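Thanks for making the time this morning.

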Amino acid sequence: MKTKITTLLLLLALLFLPTGSVQAQEPGGDVFRLGENYILESDETLNGSLAVIGGNASIEEGAVVNGDVVVVGGNLTINGDISGNVAIIGGNLTLSGKIDGDIAVVGGQAVLTETSDVNGDIATVGGQVDKDPDAKVSGTIVNNAPLTS
């Protein structure tokens, strides 16, 4: 429990760092953005994970991410496909695409539109899931999940 709280506090502390523009793309395809927005355009594929701190991220229709997506202090819009887990801290998720993985939202809302397809679980802490009746979720949805050790 103590380790998870410490980790969460360290992640939240990143929000208070001065926001300059930093870009990094590792040879394996991972992308990191600090203080700026990221858009994966239609028909593009990211073979790696995406991390955005202090900015918004958008995965357009027809775009594919083969890796995890983490957004801290910004909003995430997914119209394409994600093969990996998704985590949003201090922001909102709008999903109209497909996620093959779990979703965690801390301090924000998750909106699943009628075209959403989630092959995994969804958990929120300090937020809610707004699910359209036609949205597909194969796992469980837990709103305001308790922190466990």
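Predicted model: local features only at pLDDT ≥ 70, side-chain atom pairs only at ≥ 80, totals over all residues.

**Strand pairing, core and one loop**

Residues are numbered from 1 along each chain as its sequence is written, and side-chain values use heavy atoms, with hydrogens and water left out.

Coming back to the strands, V69 has V86 as its bridge partner in strand 11, and strand 8 (residues 69-72) and strand 11 (residues 86-89) run parallel, joined by four bridges; two strands are said to pair if DSSP finds at least two bridges between them. On one side of this picture, strand 5 (residues 50-53) is joined to strand 8 by four bridges, again in parallel, with A51 opposite V70. Strand 11 also pairs in the parallel sense with strand 14 (residues 103-106), over four bridges, and there A87 has A104 as its partner. For the protein chain as a whole, the count is one helix and 20 strands.

Now to the interior. Of the 149 residues in the protein chain, 35% count as buried, where buried means under 20% relative accessible area, exposed means over 50%, and partly exposed is in between, with a 1.4 Å probe and protein chains only. The largest nonpolar core has 28 residues, and L50, L76, I78, V86 and I103 touch the most other members; such a core is a set of buried Ala, Val, Leu, Ile, Met, Phe, Trp, Tyr and Cys residues joined through side-chain atoms within 4.5 Å. Leaving aside neighbours within four places in sequence, V86 is in contact with residues including V69, L76, I78 and I103, contact meaning heavy atoms within 4.5 Å.

What about charged pairs? The count comes to one salt bridge, defined as a side-chain nitrogen of Lys or Arg within 4 Å of a carboxyl oxygen of Asp or Glu. This salt bridge is formed by E36 and R33, whose closest N and O atoms are 3.2 Å apart, and both E36 and R33 are buried.

Finally, the loop. G126 sits between strand 17 (122-125) and strand 18 (129-131). Is G126 buried or exposed? G126 counts as exposed, because its relative accessibility is 55%. Apart from neighbours within four places in sequence, G126 is in contact with G107, G108 and N144, and the C-alpha atoms of G126 and Q109 are 8.5 Å apart, although these two residues are 17 apart in sequence. By contrast, T124, which lies in strand 17, is buried, with a relative accessible area of 0%. A polar atom of the T124 side chain lies 2.9 Å from the backbone oxygen of G127.

How values were computed. Helix = DSSP H or I, 4+ residues; strand = E, 2+ residues; numbered from the N terminus. Polar contact = N/O pair within 3.5 Å; in protein donor to acceptor, adjacent residues only side chain to side chain.
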